[in-house]
Amino acid sequence: MSSEKVQLKKPEILSPAGSIESVRAAVNAGCDAIYIGGSRFGARAYADNPQGDQMAEVIRYCHRYGVKVYMTVNTLLKEHELQQDLYDYIRPYYLEGLDAVIVQDVGVMNYLHRYFPDLEIHASTQMTLTMGESTELLEPYGVTRIVPARELTLQELAQMRQSTGLEIEVFVHGALCYCYSGQCLFSSMLGGRSGNRGRCAQPCRQRYYLEGEKTAGYYLSPREHCSLEHIGELMSIGVDSLKLEGRMKRPEYVALTTEVYRKYVDLCASLGTGEFSEYLKAHQDMWQEDMRRLAELYNRQGFTSGYMEGKSGVPYENKQGKGDMIAQKRPNHGGVLVGKVTAVDKHMVTYRLERELHAQDVVEFRDAGLCPSYEYTLGEAKRAGELVKARYLKGSRIRTGDLVYRTKDAMLLEELRNKYLQEDPKLSVKMYFTAQMDQPMELQVTVMQNGEKISGRVQGILCQKAEKNPAGPEDVKRVLCQTGGTVFECRSCEVNLQGELFLPVGALKKLRREALEKLQQKLDQRGGREILPECYLSDKPDGAPEKEAVHKSREEKKIVSVLYEWQAAMALEAQDISTIYLRMEQMSDQVLRELIRRGAEKGVEMYLMMPLIFRSAVYEAEKKKLEGGKSLYEMTELTGFVVRNMESFVFLTREAGIQPDRIITDANLYTANREAVRWWKEQGVAGSTLPLELTGKECGELTRQDRLEVVIYSYIPLMVSAQCIHRLTRGCAMESGDRDQLLRITDEKKRGFVVFNGCKYCYNIIYHEAPLSLGEEKMELWKQGIRRFRYDFTIEEPAQMREILRGRLPKGQKGHYYLPVE
């Protein structure tokens with residue numbers, strides 16, 4: 001058992017800080033690090049983020065207590081933002097000692113590493129990293145930590161730990177996105193508020209009608225994530241950091257989640273996983289109470305750890321049942337069940353309590369479907385078992401047997417405020433005081449922080465002989481240990497007096513004050529940097545291709561991507577198609593092989609379009625095909641490949657031996673600025689597809705880079721999810737044989753969406769019912785230097801596709817061509 005304790009890694013507790021109050025709550029509750037957004041470029045733009053000098057104060061405050069600060073710069077930046085604003089934005093926080101930045105955009109990563117080479121970079125979950133293999137692309141650019149996709153299983157996290165030396169940070173508690181993070185355009189395309197820009201309007205928390213169903217449900221709203229029961233497994237894997245979600249939640253939530261995870265991580269580290277498991281079995285009352293407290297602060301129809309347990313989105317595994325990860329009945333805080341209605345009359349409702357209630361608690365009445373009818377605030381405490389009577393609002397549909405939930409536990413909130421939000425935490429210091437005749441008195445104060453001893457030493461007035469009543473050690477201690485009004489408390493004080501000395505109280509107080517101020521200054525400035533790395537800022541990064549290069553070509557490339565075999569056959573019949581991208585989600589390898597050969601015979605460039613998500617099971621399955629000589633990737637008739645994630649790129653270049661100059665990146669890899677385009681070119685790719693969130697003008701800003709292509713027709717993929725609406729509502733389509741069936745859903749505004757089951761790789765794609773159609777804008781894009789125009793075919797009927805191939809695009813939406821994302 002002792003060896004187990006030595007080997008067990010104690011991970012960092014990383015707490016959310018969406019406000020100054022939340023910073024204090026997290027630090028007080030025992031976090032090791034916080035992540036926080038500044039005034040710009042963070043994925044929680046609507047949080048109460050610190051502004052200007054406040055961020056520098058946050059860094060100093062956290063460093064005082066040995067807490068690291070990671071700043072979120074995890075959005076996509078437009079060209080002018082990156083070139084004109086990013087350097088000046090980061091500079092003061094870099095000098096202050098910012099510990100790391102969290103980044104989604106590879107352009108931002110490239111830029112920051114070039115100009116701040118010693119600043120650690122954490123690859124955000126928005127990069128949709130599913131395997132450790134992808135880190136070989138990131139490590140040379142200053143990335144020291146990756147935050148994997150939240151959809152990964154414990155087994156996949158263990159594999160990732162084995163395949164990379166970079167730190168791994170795992171989300172363990174809080175809200176889950178329905179979509180793979182970084183792969184969502186839903187909020188952007190419906191309302192202009194982009195999740196990739198930190199302004200998600202959370203359309204996944206809305207109700208939707210499933211075709212053929214009369215009632216709506218919250219089909220896209222996952223339950224709240226809670227991995228507390230998997231702490232031991234995560235620590236055994238060797239995860240470096242446990243991340244708590246919640247920058248949009250109240251400080252009390254931050255305090256409680258930090259406190260609870262701190263408690264169980266420390267327990268597991270001290271006991272070892274075996275003893276920890278036995279300890280929990282013997283202390284179930286404590287465990288259940290902590291789970292209740294977490295649920296009181298926030299839950300969505302309970303908690304789930306389904307992704308870690310492999311209950312959704314795992315390729316090549318059949319999962320039984322409909323799953324338990326979606327909060328179909330309620331998208332917001334669910335509270336805790338406290339009672340049941342026993343009687344209702346015209347004015348009063350009576351309910352029996354299963355739990356004690358407190359004054360100022362809020363309770364809500366719900367029917368069996370969790371539909372709320374009425375809520376009110378209690379004026380006084382009530383005991384468990386008591387029958388409570390309350391007047392209710394006329395018209396409220398309360399019935400006997402309805403459930404009563406508490407949605408606000410006033411006593412718990414007050415307890416957390418008093419414990420964590422009223423005062424700053426105290427730092428324990430050791431004092432060592434020396435004094436001898438005709439020498440200056442001296443005081444050293446020391447604090448131990450993260451295994452490091454930090455001291456402040458000051459000298460005072462010259463010591464004189466006492467005429468009477470010489471100072472004694474206890475007299476000196478009494479004065480020096482009065483640290484009230486500071487962040488310090490005296491743990492021990494050693495006094496060394498040589499001779500009978502006169503030590504004025506005022507001089508001792510001054511010495512104490514100066515020593516503590518010096519120590520605090522040292523703590524606050526830990527990690528601070530005095531100078532900037534040498535750099536030269538220019539609007540045109542060194543080595544960028546000249547703009548004229550793209551205009552030398554006058555040849556238009558008409559590119560078609562297809563999902564189904566019949567679409568590929570139709571594209572091969574067309575006369576002016578230069579290139580066909582064959583998507584792998586639906587067609588078998590045999591069909592793809594035959595299509596590649598047919599296209600090559602007709603002189604058409606044939607590309608394989610790799611899966612949107614490329615997890616370890618897919619990687620290994622494709623690797624086995626290579627080893628068995630059955631792989632498509634080795635076909636000489638193939639022109640190249642389109643990649644939509646970093647794992648695909650690594651697989652092709654490392655395992656299949658494909659030269660990078662045969663690879664094109666898709667739109668969802670977000671080359672939204674020149675730095676991002678430049679980074680992918682440094683990896684050797686032939687070209688990139690511009691993101692769907694760029695305006696026409698913004699596309700034009702990037703055309704000095706060669707071989708960029710634009711999607712001018714497509715049903716827009718709004719979400720790529722490990723969740724499956726078909727499985728949730730009707731059972732697994734792979735098992736039932738319904739994998740080709742398209743589901744349709746509509747929102748409350750009657751907007752329609754089509755759901756595609758990507759059963760082959762176990763992900764769903766939700767498409768907007770109104771297609772992107774930029775036929776009228778094509779000439780403007782041509783003038784800006786674009787020569788590669790792409791038409792994506794997915795859910796069309798044959799007649800519709802035939803018309804488009806003839807050049808007659810349907811009326812549709814313009815996406816963000818004219819309307820910039822916020």
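Me: In which helix is the place of T135?
Reply: This is a predicted model, where local features need pLDDT of at least 70, side-chain atom pairs count only at pLDDT 80 or more, and totals for chains, interfaces and linings use all residues. Residues are numbered from 1 along each chain as its sequence is written, and side-chain values use heavy atoms, with hydrogens and water left out. Helices are DSSP runs of H or I with at least four residues, strands are E runs of at least two, and both are numbered from the N terminus. Residues 135–138 form the helix that holds T135, α7.

Me: Is T135 buried or exposed?
Reply: Buried means under 20% relative accessible area, exposed over 50%, and partly exposed in between (1.4 Å probe, protein chains only). T135 has a relative accessible area of 5%, so T135 is buried.

Me: Which side chain does the side chain of T135 join in a polar contact?
Reply: A polar contact is a pair of N or O atoms within 3.5 Å; within protein, one must be able to donate a hydrogen and the other to accept it, and residues adjacent in sequence count only if both atoms are side-chain atoms. The T135 side chain also reaches the backbone oxygen of G132 at 2.7 Å. At 3.1 Å, its side-chain partner is T164.

Me: Which backbone oxygen lies 3.1 Å from a polar atom of the side chain of R512?
Reply: R512 sits in helix α16, residues 505–524. The backbone oxygen in question belongs to Q482.
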